[in-house]
Amino acid sequence: MLTTRFVTGAPNWLDVGTPDIDGATSFYGGLFGWEFQSAGPDAGGYGFFQLSGKTAAGGMQTTPEQGPPSWTVYFQSPDAEATAKAAEQAGGRVLLPPMDVMGQGHMAILADQAGVPFGIWQPGRNKGLEVAGDPGSLCWIELYTPDIARAAAFYDKVFGWETSAGSFPGGTYTCINPAGTGPEAMFGGAVPLQDDPTEAESGAYWLPYFEVEDTDATVAEAQRLGGKVRMPPTDLEGVGRMAKLTDPYGARFAVIKSAPPQG
């Protein structure tokens with residue numbers, strides 16, 4: 001599962017771009033208990049969502065020209081320049097070239113072979129998220145893509161990811177883990193876009209999952225705070241109880257009360 005013991009290719013950061021950072025802070029604060037802390041006067045309004053004093057995510061106010069409100073997942077890279085070049089050679093694109101972020105690390109925004117944006121973070125002073133897997137923090141990510149085989153080949157060339165087929169009621173699920181690790185290091189999965197009616201019309205993208213104590217209560221609170229339900233609370237045997245939501249501005253995310261580990 002996803003932890004803060006980051007290795008190459010594992011998710012190590014995520015942030016939300018929103019037209020109203022104060023409104024987003026109110027929403028996610030009410031939902032997860034986050035508090036927003038500015039990254040400083042030179043950060044262009046960027047800041048950190050803190051959960052009990054630990055960084056759970058980042059966020060900033062964006063304009064329509066910068067794209068629709070959305071969550072971006074970042075993956076650890078030992079060399080942002082080399083990873084960006086590998087993505088281009090694998091059929092992807094560089095949307096924002098690698099850049100130094102005030103000595104905290106190097107970042108870039110890329111797009112995979114299907115046009116799905118994602119970030120890379122080469123740690124400097126900032127090693128990445130300080131909490132993962134706990135209630136109110138990132139615990140899983142999911143790629144909705146039209147062609148899983150092509151996506152797997154792309155990310156293998158860029159990060160060396162390994163994929164495996166897992167069984168669940170109703171079919172199989174493509175699990176993802178970093179190169180050279182085992183099933184215990186799985187951090188996400190891939191889903192055929194056309195197989196999921198809640199996603200088929202929205203286009204390919206990465207979906208972050210946040211762990212919660214009570215899925216139904218979280219969904220009710222999200223609605224009270226102005227969010228929308230894209231998929232109501234649903235039980236997946238052996239996985240947990242999950243739901244898909246958007247915040248008041250349309251950024252998509254999911255929540256889950258994970259099932260206890262088996263055995």
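View 1. A disulfide is a covalent bond between the sulfur atoms of two cysteines; here it is counted when a pair of cysteine sulfur atoms lies within 2.5 Å. The search of the whole structure finds zero disulfides. Cysteine 139 is buried, at 3% relative accessible area, and cysteine 175 counts as buried at 10%. Buried means under 20% relative accessible area, exposed over 50%, and partly exposed in between (1.4 Å probe, protein chains only). This is a predicted model: local features need pLDDT of at least 70, side-chain atom pairs count only at pLDDT 80 or more, and totals for chains, interfaces and linings use all residues. Residues are numbered from 1 along each chain as its sequence is written, and side-chain values use heavy atoms, leaving out hydrogens and water.

**View 2. Phenylalanine 118 and phenylalanine 154.** The ring centres are 6.2 Å apart and the planes meet at 80°, so the pair is edge-to-face. Rings of Phe, Tyr and Trp (its six-membered ring) pair if their centres lie within 6.5 Å; planes under 30 degrees apart are stacked, over 60 edge-to-face, the rest tilted. Phenylalanine 118 sits in strand 8 (residues 117-123) and phenylalanine 154 in helix 3 (residues 148-159), 36 residues apart. Helices (H or I, at least four residues) and strands (E, at least two) are DSSP runs, numbered from the N terminus. Phenylalanine 118 is buried at 0% relative accessible area; phenylalanine 154 is buried at 2%.

**View 3. Tyrosine 144 and tyrosine 205.** Here the centres are 5.8 Å apart and the planes at 15°, so the pair is stacked. The pair links strand 9 (residues 138-145), with tyrosine 144, to strand 13 (residues 205-211), with tyrosine 205. Tyrosine 144 is buried at 2%, and tyrosine 205 at 6% relative accessibility.

**View 4. Helix 1.** The twelve residues of helix 1 (residues 21-32) should span 16 Å at 1.5 Å a residue, and the end C-alpha atoms are 16 Å apart, which agrees. The expected span is 1.5 Å times one less than the number of residues. Aspartate 20 caps the N-terminal end: a side-chain oxygen lies 3.2 Å from the backbone nitrogen of aspartate 22. Just after the helix, glycine 33 takes a positive phi of about 80°. Buried residues of helix 1 include Phe27, Tyr28 and Phe32.

Note on methods
A polar contact is a pair of N or O atoms within 3.5 Å; within protein, one must be able to donate a hydrogen and the other to accept it, and residues adjacent in sequence count only if both atoms are side-chain atoms.
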